[in-house]
Amino acid sequence: MSSKSARGVIVGHGEFASGLLSAVQQICGRMDVFAAVSNRDDPAEELERILREHVANGAEIIFTDLPGGSAATAARRVMRDNPRLVLVTGANLAALLEFALGERCGPATAARTAVEKGRSSMDSSGGE
C-alpha cells in the first residue's frame with residue numbers, strides 16, 4: 001500500500017471490490033479515490049488489520065457488499081477505535097461514482113449522498 005491511501009475502501013467477497021474499482025476507473029478515470037480489498041483469502045483478523053492500515057493512512061469511508069458479511073463486521077470493529085469512520089453497506093457502482101465525482105465534503109455527508117444515489121439508481125422493469 002502506498003503512503004497516501006485512498007479516501008474510500010471498497011471491501012467484499014471475491015472480486016466485488018476490484019470489479020467495482022475497475023468500473024469506476026473505466027467510467028471516470030479516477031483510481032485515486034478507492035482502494036479495493038477482498039475477503040477471499042484473509043481471515044477476519046487479517047481483514048481487520050488491512051482496514052486499519054487504510055484508515056491510518058487516511059481512508060474515511062468503508063464501502064462493503066453486505067450489511068452482515070465479514071467485511072462489514074471487520075469494518076465495525078475498526079470503527080470502535082475510529083468514531084469518525086463511516087461504513088456504507090450494500091455499495092453499488094452508482095453510489096461509488098457519486099462518491100468519486102461528487103462534491104468533496106465530510107465523510108458523513110459524502111456517505112449519505114452516495115447512499116441516496118445508490119438507492120435511487122436501483123429499478124426493475126419487465127415481468128408480468
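Me: Let's start in the sheet of this predicted model. Which residue in β4 stands opposite Ile 62?

Reply: Ile 62 belongs to β3, and three bridges join β3 to β4, with the two strands running parallel. Go across that pairing from Ile 62 and you land on Leu 87.

Me: Which residue in β3 stands opposite Gly 8?

Reply: Gly 8 is in β1, which covers residues 8-12, and β3 covers residues 61-64. Four bridges hold those parallel strands together. Opposite Gly 8 you'll find Ile 61.

Me: How many residues of β1 are buried?

Reply: In a regular strand, side chains alternate between the two faces of the sheet, so both sides need a look. On one face of β1, Gly 8, Ile 10 and Gly 12 are buried, and on the other Val 9 and Val 11 are too. That leaves β1 mostly covered, with a buried count of five of its five residues.

Me: Which buried residues cover the two faces of β3?

Reply: Take one face at a time. On one side sit Ile 61 and Phe 63, and on the other are Ile 62 and Thr 64.

Me: Is Asn 39 buried or exposed?

Reply: Asn 39 lies in the loop between β2 and α2 (44-56). Leaving out residues up to four places away in sequence, Asn 39 touches Gly 12, His 13, Gly 14, Leu 47, Ser 70 and Ala 71. Its relative accessible area is 10%, and the cut-off for buried is under 20%, so Asn 39 is buried.

Me: Which backbone nitrogen does the side chain of Asn 92 reach at 2.9 Å?

Reply: Asn 92 sits in the loop between β4 and α4 (93-101), and with a relative accessible area of 18% it is buried. Its side chain reaches the backbone nitrogen of Ala 94 at 3.2 Å. The one at 2.9 Å belongs to Ala 95.

Me: Is Met 122 buried or exposed?

Reply: Met 122 is found in the segment after α5 (107-120). It is one of the residues that Asn 92 touches, along with Leu 20, Gly 118 and Ser 121. Still, its relative accessibility is 62%, so Met 122 counts as exposed.

Me: How far apart in space are Met 122 and Leu 96, C-alpha to C-alpha?

Reply: In sequence, the two are 26 residues apart. In space, their C-alpha separation is 14 Å.

Me: Zooming out, what's the radius of gyration of the chain?

Reply: The chain has five helices and four strands, running β-α-β-α-β-α-β-α-α from the N terminus. It is as compact as a globular protein of its length, because the globule rule for 128 residues gives 14 Å and the chain's radius of gyration is close to that, at 14 Å.

Me: What share of the 128 residues count as buried?

Reply: The chain exposes about 7100 Å², with 49% supplied by carbon and sulfur atoms. As for residues that count as buried, the share is 41%.

Key:
Residues are numbered from 1 along each chain as its sequence is written. This is a predicted model: local features need pLDDT of at least 70, side-chain atom pairs count only at pLDDT 80 or more; totals for chains, interfaces and linings use all residues. Side-chain values use heavy atoms; hydrogens and water are left out. Two strands pair if DSSP finds at least two bridges between them. Buried means under 20% relative accessible area, exposed over 50%, partly exposed in between (1.4 Å probe, protein chains only). A polar contact is a pair of N or O atoms within 3.5 Å; within protein, one must be able to donate a hydrogen and the other to accept it, and residues adjacent in sequence count only if both atoms are side-chain atoms. Contact means heavy atoms within 4.5 Å. The radius of gyration is taken over C-alpha atoms; the globule rule is 2.2 Å times the number of residues to the power 0.38. Accessible areas come from the Shrake-Rupley method with a 1.4 Å probe; for residues, only the protein chains shown count as cover.
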